Amino acid sequence: YQRRVHGGRKKDKSTMLSPPPYPVLNLPDFLVILLVSFASCVFSEGISWLLIYRTLSYQTLKSRVEKLSKKVEAGKDKAAQPGALSSKSHSKKLERFGEDLKNTNRFQRERE
């Protein structure tokens, strides 16, 4: 038994429009979303720069970390040279610089 619709003709499923399987997003909506996302990112980075990266305490911590990193690298290079004697005092000094660098990095992360 077939059901007849509109004057005896069968309803053709190929002519019926079905909704797309995903929501359609037109270009203006997409551009607005993109613009709002970009603006919020710029705003949050600006606030971070004003409140964190511009301060004197952050700048001094950053310079201290750079100096300690250079000292640790120089000590490792010096110890790795052929013919270099690895003394206890040199290894303790290098270990102390490493610990100081870790503590400074930890303190810097807490400040951010």
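Select F97. Leaving aside neighbours within four places in sequence, F97 is in contact with L68, K71 and V72; contact means heavy atoms within 4.5 Å. This is a predicted model, where local features need pLDDT of at least 70, side-chain atom pairs count only at pLDDT 80 or more, and totals for chains, interfaces and linings use all residues. Residues are numbered from 1 along each chain as its sequence is written, and side-chain values use heavy atoms, with hydrogens and water left out.

Stay on F97. It is found in helix 3. Is F97 buried or exposed? F97 is buried, at a relative accessible area of 16%. Buried means under 20% relative accessible area, exposed means over 50%, and partly exposed lies in between (1.4 Å probe, protein chains only). The C-alpha atoms of F97 and L68 are separated by 6.4 Å, though the two residues are 29 apart along the chain.

**Zoom out to the whole chain**

Colour by secondary structure. The protein chain has 3 helices and 0 strands. From the N terminus on, the order is α-α-α. Helices (H or I, at least four residues) and strands (E, at least two) are DSSP runs, numbered from the N terminus. Of the 112 residues in the protein chain, 10% count as buried. Among contacts in the protein chain with a separation of 6 or more, 69% are between residues 24 or more positions apart. Next, show the surface. The protein chain exposes about 10,300 Å², and carbon and sulfur atoms supply 60% of that area. Accessible areas come from the Shrake-Rupley method with a 1.4 Å probe; for residues, only the protein chains shown count as cover.

**Find the salt bridges**

How many salt bridges does the structure hold? There are 2 salt bridges. Each is a side-chain nitrogen of Lys or Arg within 4 Å of a carboxyl oxygen of Asp or Glu.

Select D100 and R64. They form a salt bridge, with the closest N and O atoms 3.1 Å apart. This pair links distant parts of the chain: D100 sits in helix 3 (residues 88-111), R64 in helix 2 (residues 56-80), 36 residues apart. D100 is partly exposed, at 26% relative accessible area. R64 is partly exposed too, at 41%.

Now select K102 and E99. Their side chains meet in a salt bridge at 3.8 Å, N to O. K102 and E99 are 3 residues apart in helix 3, so about one helical turn separates them. E99 is partly exposed, with a relative accessible area of 39%.

**Look at the rings**

A pair of aromatic rings is described by the distance of the centres and the angle of the planes. Rings of Phe, Tyr and Trp (its six-membered ring) pair if their centres lie within 6.5 Å; planes under 30 degrees apart count as stacked, over 60 as edge-to-face and the rest as tilted. By this rule there is 1 aromatic pair. Select Y53 and Y58: the ring centres are 5.0 Å apart and the planes stand at 80°, so the pair is edge-to-face. Y53 is partly exposed at 32% relative accessible area, whereas Y58 is buried at 13%.

Move to W49. R54 lies over its face, 5.9 Å from the ring centre. A charge sits over a ring if NZ of Lys or CZ of Arg is within 6 Å of the ring centre and within 35 degrees of the ring normal.

**Last stop: L25**

Select L25, in the segment before helix 1 (27-53). L25 is partly exposed, at 48% relative accessibility.
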